[in-house]
Amino acid sequence: MADPIVAIVGAGPAGVRAAEMVARAGLKPILFDEAEQPGGQIYRQPPKGAARPGIYGLETKKAEAIHRVAPDLGNRIDYRPQTLVWNLFEDRLDLLRPEGYGDQRFDRLILATGAMDRALPFPGWTLPGVFTLGGAQIALKAQGVAIGRRVAFVGAGPLLPLVAHQYAEAGADVVAVLDVTPFLAKLSQLPGLMTEAATLAKGLWYTARNRLHRLTVQYGVRAIRAEGSGQVEALVYRDKSGAEHRIACDAVAASFGLRSETQLADLAGCRFVFDPIGRQWLPERTPEGRSTVPGLYLAGDGARIGGADMAELQGRRTALALLEDVARPGEADETARLDGALARQARFRKALENAYPFPAHLIDAVADGEIVCRCEGITAGALREAAREKDAGEMNRLKALTRIGMGRCQGRVCGHAAAELLARVRGVEVESVGRLRAQPPVKPIPVLGSAP
Amino acid sequence: MTERLTADVTIIGGGVAGCAAAVALRRAGITVVLLEKGMCGAGASGVNFGGVRQQGRNLAELPLARRSREIWDRLAEMLGEDVEFQATGHIKLARSDADMEELERYAGDAAAHGLKLQMLGANATRAELPWLGPKVVGASLCAEDGAANPRLVGPAYARFARRLGAEVREQAPAIAAERAGEHFETRAEALTITSRFLVNTAGIGAGKVAGWFGEEAPLGPVVPNMLVTEPLPAFVTRSVGVCGGDVYVRQVARGNVIMGGGRGWGDADLNTSRPVTDQSLAGMAKTLDLVPALKGASIIRTWAGIDGEMPDRIPVIGFSATTPNLVHAFGFSGHGFQLGPVVGEIIAELITEGRSASPLEPFAITRFAGMAEAPPASAGVEH
């Protein structure tokens, strides 16, 4: 019998480790990735020829290890960089490569599609100079540039102090680090966070280093707005006591956590469940990585936010589940070791999620005139009106009536915020307004003729 | 516990035709319950190309299309909201002399129905659409045709019907209906409706409803495949089709260029459809032949939707041949959007007066007597 065709989408920590494990079992996986070089977003590499020593900080060894896997495996894997998988239907992947369109059939598929910033509108968020935190980090890691000279960091999530630290180390003037979640939420999660003592220690180290840079994190920030004419000039915030402060800056990096890139899982027909802590719909996944669609597996942040270390573990574990399903000799010791490590990681992640609850209170502060969907220029007021006046009680109906989620990003940026806003207006839980259906392509593709 | 409702009329299917029927019936003072399996206007009515087109229709449909076109002019006022209807004109392109002859012949036939088409030679066509690719030899223009936003029309009709007092139930698929004495009993989950009349505007599900009354309706699925670009500077000033119908293009006011062509994949039983990549890529190539300037533009979304198609590609509209007081309107074969408003009025006429002001003979269900099989899927028809 011919070897099954194993395809993997995404060459971040999860996809790379999955490919390695499948290759070790003697199958030759096809590893698709949008980027020019492996690493995903977290271990993103600078363009070929550009060296950026020290950009991965404490994670340098992990980053370099991930980067080495594909080259070291040589022809034991079929690595296809610069390839966007833009659609999935039955057993076929539709591809966009620099030379044009293509497709690939598969027997087994691992989706390791990663995550992106979760955007949340706030007054002034569309001003030039306001970036997502991930955007700010990629500017530094890949292009070696900062988003500004005087940078304010604001949002919720464990990456906030990390990126602030990276900017300070790179020589930027970090003028504020504002956390919109309460400090108490973090303290109460300390026992769970202790399950991954090394990771917690790193977080504390970044916080301590930030203190050396005279950067104290302000917790429990109640309201934020960016101000400026034609360009951000200041970040204004109300602290936990209600006092208003104005900090001059020329750039703002904002992050409200991460969202999983689930479009391919949706197009594959995976069953989704609502995750009440992360407040997003996610494809169902067993601890071993199986989805609800036979032959389709999920690993890493694309299925649920777990971070890079968890992604590596899940990538390996998911590959072992796949190998078991195609009757290839597995590695029993490795399976047990991974299951133990994954259980510890899961406790840590749960505590971390609870430490950074989604700041739903910011949604109410979004004025009617504020743009929620930047692709289509749709305001919060237009969404609220459709929800109130036009019976829009569900996300796809809201989309039909207002165009929310119909622009270039297809709702990847605005979808969560719109769902929160719709739920608040209707007085229901965000879960009950549903989610935008994925439609191909998962990212824009060009109009090309038959001979591109 | 099962809820029981009584009304003069039960309507199965909340597309434009069903919702427009609810509106027309309410305006005549008749009580209505409408059952929609999903959301009103989210099926074929909501995911089509949005063409409000008379040109190129089967001649039998032209009297209805002429009447519907008048409604389109006052639709926004009637519904109390904008549905983005614009009479951009519809231009049908000829890519050969044979195409040109076909257009001229059609223009003559259409004139007899009062539809005025303007014939354009190669130079006039190019003056009209200077960005056209080299394959075009001429065209015919219907200045009063245009397009509307299909996502808005059905929901707007449904809300208007509700404001007029219709009982509109969404997420309520009809499970069964039968004749009980002088009445119909229609069942949805936890709901039974008793009514004197039953209207079948169930789209792709209409064949099943007809079957409950022993009526043969060879209804097959037709799944148009569509693509849309990101917003571009306005340049496609007309809604554009071609002879043969294998590609059609328009640009919305927002700037997005919508292109259709080919067939998607659909499963009527699962009520699901998907665009098909090879069809989308072929559609891109055909569109580029007509509109070379679109090369490299970003496609941000592709989609498909399922409509019911009859073997002769014109709908069934009229009374059932087996069951008194059962009215059918289905099988619009992928081009029912423009007709929806008038079909609602026709259904109300049939119920209130027993006859319609429009000629319905070509749409009688009896034309399919003895034909229970669905037709093969068609290709090359403009939607």
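**Close-up 1. Packing of helices α12 and α14 in chain A of the predicted model.** Axes are lines fitted to C-alpha atoms, for helices over the stretch in contact, and angles between them run from 0 to 180 degrees between N-to-C directions. On this basis, helix α12 (residues 380-389) of chain A packs against helix α14 (residues 415-426) of chain A at an angle of about 45°, and the two axes lie 9 Å apart. The helices α12(A) and α14(A) are therefore oblique to each other, and α12(A) passes α14(A) in a right-handed crossing. On the α12(A) side the contact is made by Ala380(A), Leu383(A), Arg384(A), Ala387(A) and Arg388(A), while α14(A) contributes Ala418(A), Leu421(A), Leu422(A), Val425(A) and Arg426(A). By residue class, the contact of α12(A) with α14(A) comprises seven nonpolar and three charged residues, with no polar ones.

Close-up 2. The buried residues of α12(A) are Ala380(A), Gly381(A), Leu383(A), Arg384(A), Ala386(A) and Ala387(A). Following α12(A) is Asp391(A), a residue whose phi is positive, near 60°.

**Close-up 3. Arg301(B) and its contacts in chains A and B.** Arg301(B), which lies in strand β19 (residues 298-304) of chain B, is buried, with a relative accessible area of 6%. When its neighbours within four places in sequence are left aside, Arg301(B) is in contact with Met406(A), Gln410(A), Gln439(A), Pro440(A) and Pro441(A) from chain A, and with Met226(B), Leu227(B) and Val228(B) from chain B. The side chain of Arg301(B) reaches the backbone oxygen of Met406(A) at 2.9 Å. Arg301(B) and Phe319(B), although 18 residues apart in sequence, are 40 Å apart in space, C-alpha to C-alpha.

**Close-up 4. His90(B) in strand β4 of chain B.** His90(B) is found in strand β4 (residues 90-94) of chain B and, at 1% relative accessibility, counts as buried, because the cut-off for that class is under 20% relative accessible area. Its side chain makes a polar contact of 2.9 Å with the side chain of Gln55(B). With neighbours within four places in sequence left aside, the residues in contact with His90(B) are Arg53(B), Gln55(B), Ser140(B), Leu141(B), Cys142(B), Asp145(B), Ser239(B), Val240(B), Gly241(B) and Glu382(B).

Terms used
Residues numbered from 1 in each chain as written. Chains lettered and ligands numbered in written order. Predicted model: local features only at pLDDT ≥ 70, side-chain atom pairs only at ≥ 80, totals over all residues. Heavy atoms only, no water. Helix = DSSP H or I, 4+ residues; strand = E, 2+ residues; numbered from the N terminus. Parallel < 35°, antiparallel > 145°, perpendicular 65-115°, else oblique. Left-handed = near helix turned anticlockwise from the far one by under 90°. Contact = heavy atoms within 4.5 Å. Nonpolar A, V, L, I, M, F, W, Y, C, P; charged D, E, K, R; others polar. Buried < 20%, exposed > 50% of the residue type's maximum accessible area, 1.4 Å probe, protein only. Polar contact = N/O pair within 3.5 Å; in protein donor to acceptor, adjacent residues only side chain to side chain.
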